Number of protein chains: 4
Amino acid sequence: MPLREACGVLGIASKSPILNLLQVGLRALQHRGQESAGITIFDKEHITQKGMGLVSEVLDDFGEEFTKGTIGIGHVRYSTAGGSSVKNAQPMTVSSATGELSIGHNGNISNQELLREEKENSGWAFMSDTDSEIIVRMIANYLSKNHTIAKSIQLAMEEMIGSYSIVLLHNDEVYAFRDPLGIKPLCIGQIKDGYVVASESSAIEIMGGNVIRDVEPGEILSLSPEKIISHSTTNTDNKAFCMFEYVYFARPDAKIDGVLTYSVRHQIGKKLWDEAPLDADIVVPVPDSGIACALGFSEASNIPYREGLIKNRYVHRSFIQPVNEQRKATISEKLNPIKEIVEGKKVVLVDDSIVRGNTSKRIVQSVRKAGAKEVHIRVGCPPIISPCFLGIDMPSRDEFIAPNRTTEEITKEIGADSVEYVTIGGLVESIGKDEHDLCLGCITEKYPLPIEGERQRGQATLEEFEI
Amino acid sequence: MPLREACGVLGIASKSPILNLLQVGLRALQHRGQESAGITIFDKEHITQKGMGLVSEVLDDFGEEFTKGTIGIGHVRYSTAGGSSVKNAQPMTVSSATGELSIGHNGNISNQELLREEKENSGWAFMSDTDSEIIVRMIANYLSKNHTIAKSIQLAMEEMIGSYSIVLLHNDEVYAFRDPLGIKPLCIGQIKDGYVVASESSAIEIMGGNVIRDVEPGEILSLSPEKIISHSTTNTDNKAFCMFEYVYFARPDAKIDGVLTYSVRHQIGKKLWDEAPLDADIVVPVPDSGIACALGFSEASNIPYREGLIKNRYVHRSFIQPVNEQRKATISEKLNPIKEIVEGKKVVLVDDSIVRGNTSKRIVQSVRKAGAKEVHIRVGCPPIISPCFLGIDMPSRDEFIAPNRTTEEITKEIGADSVEYVTIGGLVESIGKDEHDLCLGCITEKYPLPIEGERQRGQATLEEFEI
Amino acid sequence: MPLREACGVLGIASKSPILNLLQVGLRALQHRGQESAGITIFDKEHITQKGMGLVSEVLDDFGEEFTKGTIGIGHVRYSTAGGSSVKNAQPMTVSSATGELSIGHNGNISNQELLREEKENSGWAFMSDTDSEIIVRMIANYLSKNHTIAKSIQLAMEEMIGSYSIVLLHNDEVYAFRDPLGIKPLCIGQIKDGYVVASESSAIEIMGGNVIRDVEPGEILSLSPEKIISHSTTNTDNKAFCMFEYVYFARPDAKIDGVLTYSVRHQIGKKLWDEAPLDADIVVPVPDSGIACALGFSEASNIPYREGLIKNRYVHRSFIQPVNEQRKATISEKLNPIKEIVEGKKVVLVDDSIVRGNTSKRIVQSVRKAGAKEVHIRVGCPPIISPCFLGIDMPSRDEFIAPNRTTEEITKEIGADSVEYVTIGGLVESIGKDEHDLCLGCITEKYPLPIEGERQRGQATLEEFEI
Amino acid sequence: MPLREACGVLGIASKSPILNLLQVGLRALQHRGQESAGITIFDKEHITQKGMGLVSEVLDDFGEEFTKGTIGIGHVRYSTAGGSSVKNAQPMTVSSATGELSIGHNGNISNQELLREEKENSGWAFMSDTDSEIIVRMIANYLSKNHTIAKSIQLAMEEMIGSYSIVLLHNDEVYAFRDPLGIKPLCIGQIKDGYVVASESSAIEIMGGNVIRDVEPGEILSLSPEKIISHSTTNTDNKAFCMFEYVYFARPDAKIDGVLTYSVRHQIGKKLWDEAPLDADIVVPVPDSGIACALGFSEASNIPYREGLIKNRYVHRSFIQPVNEQRKATISEKLNPIKEIVEGKKVVLVDDSIVRGNTSKRIVQSVRKAGAKEVHIRVGCPPIISPCFLGIDMPSRDEFIAPNRTTEEITKEIGADSVEYVTIGGLVESIGKDEHDLCLGCITEKYPLPIEGERQRGQATLEEFEI
């Protein structure tokens, strides 16, 4: 099975040393991947430090050789269990005919198995399980045929189907490119002594820089300390911005393709009230991701907002463990209801999304045990019915609660008094983009491009697909 | 200099194995100390695992020998730089005439230097720098003179001046005792197969137990799987419950000596509005500790509550580093203002307390840079003018911003449009206890008991002090 | 059960920094203990680094604070399984009425259980399982009663029965003392900028120093960069130098109490031939400890010396593992016979000693399998029939092969064509000391002082024993 | 600069689990490389554990998944500083058109830079700096063109110039092949449940197996639990067995291409006496590598053999540190002269070889300081005047002592009374092979095949070279 990953990428071209900036930037992107972290800095050659763990663990202690480089890239990564290995950590470096190439990738190449087979059949051999290695080898191959880097990237893009926001270090040059549908975010900014590219705008701000703009879907850029050059842009009619970045994945302070995620979530909260009002005493968020949504709900409804569930910040590491059992075990530790707040009350719990439903079920139980009279759930994302194949880590389809269940059945299963999801229309409206410019695959089962092994579900096949 | 520590303690007597309960309970107390963690379990003898780091790091992987014990204690600890060493980690174990004794201590013994000198002069020798070692040796000494454990504890308490909430494992018996003024919290609860004692009530709930009551100030208890026995209680006229536990230190879901800290903080928010109303567009909390207060302020004032500062959860580990420089470096990373929310607005920032003022200054700067028209600060704790000598880790007096500055000077120093602190009266009223039953030393410079080296400031000396 | 330990100690008083000297000296003593290693250096206060592992692992990487001190002590340690814990690692430090005291101890206190019980009954409490803690606490106690250090040491020595060669750091002063029977070795030397005391003379030479003399049995010394002062010497009629140091334990280049161990071993080899000549083709040592003995045998007999067993240097770490099973598993890996050398030959295998007999049995098997016509064993130490209670780690009595077996039975058990041990007389003659000045406890069952629990075997009891 | 490495390889095909056998075998080969170690076992897929350090450190603790596989390979490695990185550790695995390929390589490919450049120019990209990656990719490439494995190996061998003894795991099949000149050793044996291939015969014996024969130069073999198949052998007129394996590198109990290294060394000792007799009192080996040679010298000369230099076994780890300064620092620690043995004597020191001369110089100094009257050096290898480019790690040419110095100048430089090397003729005779079947490059500057960058010294160029 191809790996599904969630990642964050970062590239910097500066006139002054960048080690600290890479650390700061990657810590700001840490929520995008807590499994491994790494950087590659150019100082005469590519020098890399990477490993399993948080940025604060893996990228905390550096040798002298890392302190002078002014050009480099960084990466944070989360993956499903199968790919949880240091050999898949990034940046990944190869030496090629034109020098060293290091890559950091966020996204998922849908046709990676076909590509891998095709390349192996032509005599290539791979050292990791990642699509990133396929990409960097394809680029190295085009480079050896005397193409420029930008052209080599473009030729590789023509072979790749999927989502990708990529930073590439070629000797001392930083390149960045984004898939033609713009599925994963990527934006550029200016810092004191140069330019940066990062998965989220807030990372640029936190590094002390100013956001310039999003990288265009299909665009290939290069960064130098003096300027950013846009080499080419592959146009498509529609885009496919990932709705889940707005709903849950990106930081609340990230502005993705022109839209602030916090505002989207706040707006969804209002929609939730408009679409399904009810009689209740307090609105309680499921922290942290349900907070903005719950505040919007409270504001629209005038029902008081109360923090009735206290989150333990010190168990968040358990998210790293990809085994389901371990997740279950710690939910009651992570969220403790305050009896004094919920006792005797009609409670509206607002959550960002429901995937398996296990967490929701346990929260409802504990809030009831703490004395709540009624527990209603409002969800800021429509029912998730199909996995993401394009860069968000999700469980397999049969672990979802939503497919093949009515809302009543879900309500019963979770044990709530009512469960209401925001509608797809309400969600799209809250984001404020055209429905055809969003990837809604996980809630509509209609993906913006063909997915290997999903043919039977009415997708175009990979062979038929044309960019 | 005697060590100042902030800690959390836990004791369990059960009929079934407790390793997992100790882990769960200590993770729920992790906010009380992130520097070291440890447990001692009785299984024929005292077996201990402890080390520098979080519970999830130090107490994650255990040998077979830890899995069967049903009686034990646990500890988390934070200390100032000087004492940051594994030799000071707890529980600390000694073998004595009557068997093994292990101790976990939250608090600070004010006369520890006098006691230490006195004991060394009578031929004792110490292996650590902690007051906990003095306490456990005193108890061992009384035990060798054929006193019962409860009597030995009582005799040791008669020698000790200071704050202490202590769990003590003597062979297979768990004892707990609290200083006569009740400075540090301690409460007892019932779990499925036995009884527990913990620094905060929420830890008991998260362990699946029911809170019974707080340990009385001056009370000595023993726990068995079948019952709790109260051996004696040393009465004093007034108590001295630490106000800072309510304002900042304890979890929002902790009920300390009958009062929920979340409610206190929410109430303080309302007081802040009542005491100093103003014209503003939005109320923004300094997360996480200012949130309850900000919500109270918003509710009282009807000024909309907005999360305009986004906290990066992945840099919290920097709190462990006791060096000031390192703290400064990461503040801008920790809190990022959302431009779209604060731009052009009159902003009220609500924080739980101001110690040095560095953080506040930097936040004001960043919120202004993000476009705020005005930045007003409201603080949920009166000006801190004197260090805590009784169990809360604070910087030294000359690092505080408040002493020798008027509110106007502080406003100017921080760069805000206005700064208002809750009054001492307002604070006391929000807590809902008699002023004479609170320790307000850090805001009044009047401590409930004599402090070594603080004589010149009008305190009773240690020699004059009588319990 | 009291711990039995084998250890090496080192003390230095210099005018220049000693960190490197401590490392060099402890590596030269590493064979005396591979389980834990540690140093304590005085630089305003006692600073210690210690841990489980070899010197090259534990004492390889130091903070800046260790680089300036010019006074300090070091220790390497091996112990039986029960005491294998970092809490028993040395040096061990206490703070006392007169300052800090750190101790490094080689030997074993026979009355440690009585002393421990007595001290606990008078109110003391212990943090480790070692006799070293008892010793250092006794000295601290006498110091608090205004005795000088030398007097305090002497008073403690009057309470202690057993073997001990000890280095003691009291603030910035190094003291050394040796038990009245001189059981364990200890010698003093001069280095470039000061003086040293070490378990073996070769350590002093390897540190670039000159050996001055052995510490006298019962002598108390202090070292300063300028001189050595001998404070007092407790005389006894006879000494009890450990014969096993000569036979096996000390380095071949160590001169202990005037006698070079290599010469003793070479001489024993000659005795073995004299006492039991035979017809053979080649003499093969069991490396490394049988080499000197085998060379002596070859020289006396004119039978050619051949290295027919090749030792793998990379499995020596297995000696650290105190479990018998693990030892067995690696013997065939450790010693590989060379077929070309032993095939068709009458082979004399020379070993330093036989304890359990397992190793010998396996070696005979493998040498036979490689084609030897006959395999005769010659042993440089008389049959070991009783455990050492005075500082050499040995298995318990019932694991020995020699008790209750005739030489013929042993020969059969091991599977050799003949087995001959050097006689006690031959051993004593080879060492060249009076039999009454040697501890021969393990081969005669007669110990030079009473051993706890050995009363039934005809020993004086501890109570009857007078120094 | 291409990496120069010294390594050991091991391959096993068995019917029962092999994890323990791999550990035992690699420990027996540990002397061939102490920098990194690794194994790859087939169990449905290739699973690898490798890292920097000794076998006992890196390959000590395994997950369950390693315990069932019955087919696998192993590797130990030492390299010069430049390549000291875990990314160069072996086995190295790639996935190819026909499945997984893992390689373990001992030797050095002389034309690796040309090959690398050629392959990069055709679009390949590399992840490590090793020639092993080039080899495995070439084989993978031929496999994708529908060649059999044996044929693919043969085609790759036609492109490679240099020394190589290689184990290759292709899915569940073990292959082994050796360069046409047989420069590095490799032999095969039978174990209880299958077959093995290993760098040295003694590893097979220690694993409990029987040695069958050496792999022929140029031979390609495959191993299964049932049999060994020889696929093809590339013949050349002469061989080029590395003389340094006999003189120093291999274990004394290794039989390489029919000759026992211990016998060669013993014989060289006799030659040294025959070629340059002298008047002396004792023969002292430089342990450990000079021992066999010194025994031969003593036997031929009738001058008594004495172990006058004692080696500290616990500093051997310093050999891992590739920096010259560190080597110097520990020589005096490693070898301590026994004064009682050398004092007043005419001493013959016998060493296996002299490279830089630093060690010899220091030993002469220390033996003189210990009182030797005369110090003569005899060396079991002719003067080393040119680096090894074929698999033995040596310093660069300008660090050697021998080039451009007469024996008199070397004697003076080292400070000895005389220095005599065995002659090339004497060496060849001691090995017992035809001079044209030995690689004597390091002592004659005439290599058996062209070396990149050595053209100016009269070598055939790589282009001219024909296998």
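Predicted model: local features only at pLDDT ≥ 70, side-chain atom pairs only at ≥ 80, totals over all residues.

Angles between axes under 35 degrees count as roughly parallel, over 145 as roughly antiparallel, 65 to 115 as roughly perpendicular, and the rest as oblique.

**Stop 1: two helices in chain A**

Select residues 131-144 of chain A, helix α4, and residues 149-159 of chain A, helix α5. Their axes are 8 Å apart and the helices pack at about 130 degrees. That is why α4(A) and α5(A) count as oblique to each other. Look at the hand of the crossing: α4(A) passes α5(A) in a right-handed way.

Now show side chains. Which residues of α4(A) meet α5(A)? They are Ile135(A), Met138(A), Ile139(A), Tyr142(A) and Leu143(A). Facing them from α5(A) are Ile149(A), Ser152(A), Ile153(A), Leu155(A), Ala156(A) and Glu159(A). Colour this contact by class: nine residues are nonpolar, one is polar and one is charged.

**Stop 2: the helix pair in chain C**

Move to chain C and select α4 (131-144) and α5 (149-159) there. The two axes come within 8 Å and cross at roughly 130 degrees. α4(C) is therefore oblique to α5(C). The crossing of α4(C) and α5(C) is right-handed.

From α4(C), the contact uses Ile135(C), Met138(C), Ile139(C), Tyr142(C) and Leu143(C). From α5(C) come Ile149(C), Ser152(C), Ile153(C), Leu155(C), Ala156(C) and Glu159(C). By class, the contact of α4(C) with α5(C) has nine nonpolar residues, one polar and one charged.

Stay in chain C and pick Asn146(C). Asn146(C) lies in the loop between α4 and α5 of chain C. Check the backbone: phi of Asn146(C) is near 70 degrees, a positive value in a residue other than glycine.

**Stop 3: a cis peptide bond**

Go back to chain A and select Gln90(A) and Pro91(A). A cis peptide bond joins Gln90(A) and Pro91(A), with omega about 0 degrees. Where is Pro91(A)? Pro91(A) is in the loop between β4 (71-79) and β5 (92-96) of chain A.

Then jump to chain D. Gln90(D) and Pro91(D) are joined by a cis peptide bond, and omega is about 0 degrees. Pro91(D) lies in the loop between β4 (71-79) and β5 (92-96) of chain D.

**Stop 4: the domains of chain A**

Colour chain A by its domain assignment. Domain 1 covers 5-240 and domain 2 covers 259-432.

**Stop 5: where chain B meets chain A**

Show chains A and B together. How many residues does each chain give to the contact? Chain B gives 33 residues and chain A gives 33 residues. On chain B, select α1 (19-28), α2 (55-58), α6 (201-206), α8 (261-275), α9 (291-301) and α10 (324-334). Each of these elements gives two or more residues to the side that touches chain A. That side of chain B has 16 nonpolar, eight polar and nine charged residues.

Next, look for the symmetry. A rotation of 180 degrees, with 0.0 Å of shift along its axis, superposes chain B on chain A with an RMSD of 0.1 Å. Select Arg313(B): in chain B, its C-alpha is the nearest to the axis, at 4.0 Å. The same surface serves both copies, as 100% of the contact residues of chain B recur in chain A.

**Stop 6**

Show chains A and C. No contact joins them, and their closest C-alpha atoms lie 15 Å apart. Then show chains B and D. Chain B and chain D do not touch either; their nearest C-alpha atoms are 16 Å apart.

Methods. Residues numbered from 1 in each chain as written. Chains lettered and ligands numbered in written order. Axes fitted to C-alpha atoms, helices over the stretch in contact; angles between N-to-C directions. Helix = DSSP H or I, 4+ residues; strand = E, 2+ residues; numbered from the N terminus. Left-handed = near helix turned anticlockwise from the far one by under 90°. Contact = placed C-beta atoms within 7 Å. Nonpolar A, V, L, I, M, F, W, Y, C, P; charged D, E, K, R; others polar. Domains from an automatic or database assignment. Least-squares fit on C-alpha atoms with pLDDT ≥ 70 in both.
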